[in-house]
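Here is a briefing on one structure.

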Amino acid sequence: MYKQEKINPYGQGEKAEQVEQMFNNIAPTYDKLNHFLSWAFDKYWRRQAIKTLQVYSPQWVLDVATGTGDFAIYATRVLDPSKVIACDISEGMMEIGREKVKKEGLDRVISFDKQDCLNMSYPNETFDAVITAFGIRNFADLDKGLREMHRVLNKGGHISILELTSPIDFPMKQLFRLYSHTILPFLGRLISKDASAYTYLTKTIEAFPQGEEMVEILKKAGFKEAGFLRLTFGICTMYYAEK
């Protein structure tokens, strides 16, 4: 079982509160850093993930660990759903997301909701699709978080997950390790002014289950037809499954 305790950047204490604090701290620079540190590939990865849902035309969509709402915004543009709920533990991140959504004129469709993603308040079988990008590796209990996502998904509904991963092939494996251990933490610390956030990022990527192992975890949570696709030399992996 994957536990965030292994890589908690703040020592002892309540894990959810520590993650919330960290993301509140980096919220003002989060979008800029995401695009910069991923060489803007994060936009391409979101496009690829949402494309897998187009054929199903989901009307109610949940974006778990939404951050500043980029995934929710792109899903709304492409899928044209009737409702998107974007939930997160960080109010600071969502406040930025609300401003972006209002500016885009999408506030009638997208709403933000502060939730503990391990214990969401939504009724069983509420959503046609559940999406999440670069957030589930922050869960204190991955299995419980995935079971919650399975619970709120309608029967026959689909899940699309994006997560940063470590490349497995030479030379990208070696290059990414160098980048993630030196350049990424340095630039993240310089721009975000948070000394621990981007060191924590590297640790979560390396500790998180990947590929076939993650597919088995999805199946254990109750999903079927689970699979994965490595993107951009394995820097990011898309996981998909059905309830």
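**The sheet and its surroundings**

Seven strands make an open sheet of mixed pairing, ordered β3-β2-β1-β4-β5-β7-β6. Its edge strands are β3 (110–114) and β6, each of which pairs on one side only. Direction ignored, neighbouring strands of this sheet are turned by 15 degrees against each other on average.

This is a predicted model: local features need pLDDT of at least 70, side-chain atom pairs count only at pLDDT 80 or more, and totals for chains, interfaces and linings use all residues. Residues are numbered from 1 along each chain as its sequence is written, and side-chain values use heavy atoms, with hydrogens and water left out.

**Terms for the elements**

- Helices (H or I, at least four residues) and strands (E, at least two) are DSSP runs, numbered from the N terminus.
- Two strands pair if DSSP finds at least two bridges between them.
- Axes are lines fitted to C-alpha atoms, for helices over the stretch in contact; angles run from 0 to 180 degrees between N-to-C directions.

**Strand pairs**

- β1 and strand β4 (residues 127–133) run parallel and are joined by three bridges.
- D63 stands opposite I131 in β4.
- Strand β6 (residues 224–231) and strand β7 (residues 236–242) run antiparallel, with six bridges between them.
- L231 has C236 of β7 as its bridge partner.
- Four residues separate β6 from β7 in a hairpin. In its turn, T232 has a positive phi of about 50 degrees.

**Helices on the sheet**

- Helix α4 (residues 91–104) lies across β2 (83–88) and β3. Its direction is at about 170 degrees to β3.
- α8 lies across β5 (153–164), β6 and β7. The angle of α8 to β6 is about 155 degrees.

**Helix pair α2 and α3**

- Helix α2 (residues 41–51) packs with helix α3 (residues 70–79) at an angle of about 50 degrees, and the axes are 10 Å apart.
- α2 and α3 are therefore oblique to each other (under 35 degrees counts as roughly parallel, over 145 as roughly antiparallel, 65 to 115 as roughly perpendicular, and the rest as oblique).
- α2 passes α3 in a right-handed crossing (the near helix is turned clockwise from the far one by less than a right angle; anticlockwise is left-handed).
- R46, R47, A49 and I50 of α2 meet D70, F71, Y74, A75, V78 and L79 of α3 in the contact (heavy atoms within 4.5 Å).
- These contact residues divide into seven nonpolar, no polar and three charged (Ala, Val, Leu, Ile, Met, Phe, Trp, Tyr, Cys and Pro are nonpolar; Asp, Glu, Lys and Arg are charged; the others, Gly among them, are polar).

**Helix pair α5 and α8**

- Helix α5 (residues 142–152) and helix α8 (residues 212–220) cross at roughly 55 degrees, their axes coming within 9 Å.
- α5 and α8 are therefore oblique too.
- The crossing of α5 past α8 is right-handed.
- L142, D143 and L146 of α5 contact M214, I217, L218 and K220 of α8.
- That contact has five nonpolar, no polar and two charged residues.

**Confidence**

- Mean pLDDT (the predictor's confidence in each residue, from 0 to 100) is 84 for the protein chain, with 75% of residues at 70 or more.
- Confidence is lowest in helix α1 (residues 15–37), at a mean of 59, and highest in strand β1 (residues 60–64), at 98.
- Over residues 1–13, pLDDT stays under 50.
- Where pLDDT is low, the predicted coordinates should not be read in detail.
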